[in-house]
Amino acid sequence: MGYDVKFITKNFGKYDPMSIDSYLSIGGFAALKRAMAMDGEDIASLIAEAKVKGRGGAAYDMGRKWSQSRAVKAPHKLVICNADEGETCTFKDRELIKNDPFNLIEAITICGYTVNAQDGYIYLREEYRHLRPLLLNAIKQAEEHNLLGYNIQNTGFNFHIHLYSGAGAYVCGEGTALIRSIEGKAGRPRKKPPFMKVSGLFALPTCVNNVESFSIVPHLLMDEAREYVSYGSGESLGTKLVSLGGNVRRPGVYEIPFGTTVRDIIYELGQGIPGGQSLRLIQFGGASGKISDGRILDTPYTYDDLKAAGVTVGSGSILVIDNRTSVLDFLRMTQDFFSEESCGQCTPCREGNLHIKLILEKMARGEATQADIRDMKKIATIMSISSLCGLGESAQNALLSAMKIFPKIFEIGGAA
Amino acid sequence: MATENAPEFVITDELAQKIDRVLIEHEHDATQIVGVLLDVQDLIEQKYVPQPVAFYIAQKLPIKVSVIYDCLTFYNALSSTPRAKYPVQVCRSVACKVNGSDTLFETVKDVLGIQPGEVTYDGRFTIEEVSCFGACDVAPAVRINGKVYGHLDTPDKVRAVLAEFM
């Protein structure tokens with residue numbers, strides 16, 4: 001069937017995540033050594049040719065990002081690994097850190113070399129605090145083996161990695177909020193520009209990538225057989241980790257080649273919906289993602305195909321909801337999430353989430369009028385265009401897409 | 001809740017030493033305040049940062065106590081008010097909810113005899129409703145002092161987990 005691949009996850013279970021010797025025995029750090037013999041621009045090109053896109057949610061061209069970061073001239077530059085995956089139903093980064101921490105350390109170091117940075121920061125969400133010893137150990141052992149720290153492998157390249165903790169704030173997954181948190185402040189986002197690549201953490205040029213994005217790089221550097229680019233097609237080459245959850249028999253993290261149909265992911269890998277229930281809706285890419293119904297099942301999971309079908313890859317999560325939950329209840333749960341997680345700094349997000357919550361409750365009580373629905377749509381649209389950060393901009397993706405997919409729910413006969 | 005009449009929190013020598021050790025582990029680096037507060041909170045029986053402790057940290061690090069309070073009140077995982085020895089965090093996000101977390105939630109409230117935000121009379125338990133902690137593959141789940149307990153889809157399974165802490 002071709003959907004059971006191991007490229008990004010090829011090290012899973014192959015070595016002891018607490019032992020660098022074990023990692024070295026399976027060829028660990030060979031990619032770093034190879035990278036340090038290459039020109040940084042060539043590394044960025046290699047990533048760009050494989051068309052790797054950021055796996056945190058924004059899907060920005062990663063090779064381009066590294067090349068742009070590299071082009072910024074400054075004596076001190078930084079790299080950040082965003083391990084603050086707070087989107088609901090997203091837990092792929094947890095698996096990557098748990099099973100393959102050394103690969104991540106190696107990848108961050110390669111990024112540091114590529115963009116000429118001296119320091120790397122891992123921002124680990126509080127919910128994954130149990131993984132902290134694994135990463136601290138990996139950093140320490142890499143330093144002891146001169147694969148991290150000063151004058152790495154006598155190349156003159158200095159690079160240090162620091163591990164920081166989040167503390168249960170979804171908004172800190174947003175880049176500018178994340179850097180404030182690492183600076184030792186409350187994680188309230190700020191306006192862009194200045195952009196991170198010019199003025200990020202500590203006002204230094206900063207290159208931020210997601211755990212999964214990083215994790216691809218060492219494998220890609222060692223991929224002489226060009227296995228990665230043999231998967232997928234067009235703009236969506238390679239493989240992708242998806243976090244499958246909700247009403248499925250076998251929820252979990254799966255690595256799929258791009259182009260696998262949504263149906264195969266849910267009904268083959270996830271073994272379908274339990275208890276003889278039928279499919280109500282699917283949300284793609286976390287709480288901030290858009291939704292669809294059964295009509296999307298035969299769509300291949302690629303950036304372009306999903307976009308054409310009205311949803312996005314986002315954080316890589318696929319949340320399956322069966323017919324026991326109504327669309328309205330689903331929207332109210334999602335709204336509760338954003339009402340809780342909005343930082344309250346900017347008016348559209350703070351007030352918008354509040355008022356949409358009220359209108360959804362009114363709908364649930366059967367008291368909403370056509371004017372309420374109009375207001376709700378208007379508020380959601382205003383939020384998406386005028387919020388300070390990505391949280392407010394994307395908070396109503398589920399609602400706005402639901403209005404397209406399930407228009408009947410929002411039709412109310414009677415007075416306007 | 002009896003927190004208003006509670007005796008003032010006193011920093012024992014033993015606690016001061018433990019806090020000092022946390023500060024050393026974080027290299028007395030004020031940018032690591034969030035991590036410092038998380039670690040310090042774990043040292044306190046009621047899993048929070050009492051006011052004297054916040055001031056103690058502000059003396060030891062180049063940081064204003066107002067910044068410490070900004071963090072304590074901003075981040076959900078930090079608290080400036082007493083929680084409990086075992087804060088039972090119930091995920092209230094969608095993946096858990098569609099897998100029966102309401103039953104889980106009701107059972108936790110029933111067994112402990114408290115509502116979310118309340119603390120049991122002996123200070124051992126509190127219930128916190130939290131957003132997704134990334135355990136959707138074992139939904140419905142609770143998290144107690146950093147450890148996730150999953151697949152709690154029947155009242156009996158919930159009771160068995162809570163019994164471990166009774």
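**Helices, sheets and contacts**

Author: Let's begin with a helix pair in chain A of this predicted model. Helix α13 (residues 347–364) of chain A and helix α14 (residues 370–386) of chain A have axes that come within 10 Å and cross at roughly 155°.

Reader: So how is α13(A) oriented against α14(A), roughly parallel or roughly antiparallel?

Author: Roughly antiparallel, because angles over 145 degrees are put in that class. The crossing of α13(A) and α14(A) is left-handed.

Reader: Which residues of α13(A) and α14(A) meet?

Author: From α13(A) you have A:Pro348, A:Cys349, A:Gly352, A:His355, A:Ile356, A:Ile359 and A:Lys362. Facing them in α14(A) are A:Asp372, A:Asp375, A:Met376, A:Ile379, A:Ala380, A:Ile382, A:Met383 and A:Ser386. Sorted by class, the contact of α13(A) with α14(A) has nine nonpolar, three polar and three charged residues.

Reader: OK, now chain B. How do the axes of α6(B) and α7(B) cross?

Author: Helix α6 (residues 101–112) of chain B and helix α7 (residues 155–163) of chain B cross at roughly 45°, with axes that come within 9 Å. α6(B) and α7(B) are therefore oblique to each other. Their crossing is right-handed.

Reader: And what residues are in contact there, between α6(B) and α7(B)?

Author: α6(B) brings B:Thr103, B:Leu104, B:Thr107, B:Val108 and B:Val111. They meet B:Pro155, B:Val158, B:Arg159 and B:Leu162 in α7(B). By class, that contact of α6(B) with α7(B) comes to six nonpolar, two polar and one charged.

Reader: Switching to sheets. What's the strand order in the open sheet of four strands in chain A?

Author: The order is β3-β2-β1-β4, with parallel pairing. β3 (160–165) and β4 (206–210) of chain A are the edge strands, so named since each pairs on one side only. From one strand to the next, the twist averages 20°.

Reader: How many bridges are there between β1 and β4(A)?

Author: Five: strand β1 (residues 78–83) of chain A pairs with β4(A) in the parallel sense.

Reader: What holds strands of a sheet together, in general?

Author: Strands pair through backbone hydrogen bonds, and the pairing is either parallel or antiparallel.

Reader: And the open sheet of five strands in chain A, what's the pairing there?

Author: Mixed, with the order β8-β7-β11-β9-β10. The edge strands in this case are β8 (252–257) and β10 (291–292) of chain A, each pairing on one side only. Strand β9 (residues 279–284) of chain A and β10(A) run antiparallel, joined by two bridges. In that pair, A:Ile282 has A:Ser292 of β10(A) as its bridge partner.

Reader: Zooming out, what domains is chain A divided into?

Author: Domain 1 (20–221), domain 2 (231–322) and domain 3 (327–410). Between domain 1 and domain 2 of chain A, the C-alpha centres lie 27 Å apart. The contact takes 17 residues from domain 1 of chain A and 19 residues from domain 2 of chain A. On the domain 1 side, the residues touching domain 2 of chain A divide into five nonpolar, four polar and eight charged.

Reader: And what domains does chain B have?

Author: Chain B has domain 1 (3–74) and domain 2 (86–163). The C-alpha centres of domain 1 of chain B and domain 2 of chain B lie 27 Å apart.

Reader: How many residues do chain A and chain B put into their contact?

Author: Chain B gives 30 residues and chain A gives 41. On chain B, α2 (33–43), α4 (65–74) and α5 (94–97) each supply at least two residues of the side that touches chain A. That side of chain B divides into 18 nonpolar, eight polar and four charged residues.

How values were computed: Residues numbered from 1 in each chain as written. Chains lettered and ligands numbered in written order. Predicted model: local features only at pLDDT ≥ 70, side-chain atom pairs only at ≥ 80, totals over all residues. Contact = placed C-beta atoms within 7 Å. Nonpolar A, V, L, I, M, F, W, Y, C, P; charged D, E, K, R; others polar. Domains from an automatic or database assignment. Axes fitted to C-alpha atoms, helices over the stretch in contact; angles between N-to-C directions. Parallel < 35°, antiparallel > 145°, perpendicular 65-115°, else oblique. Left-handed = near helix turned anticlockwise from the far one by under 90°.
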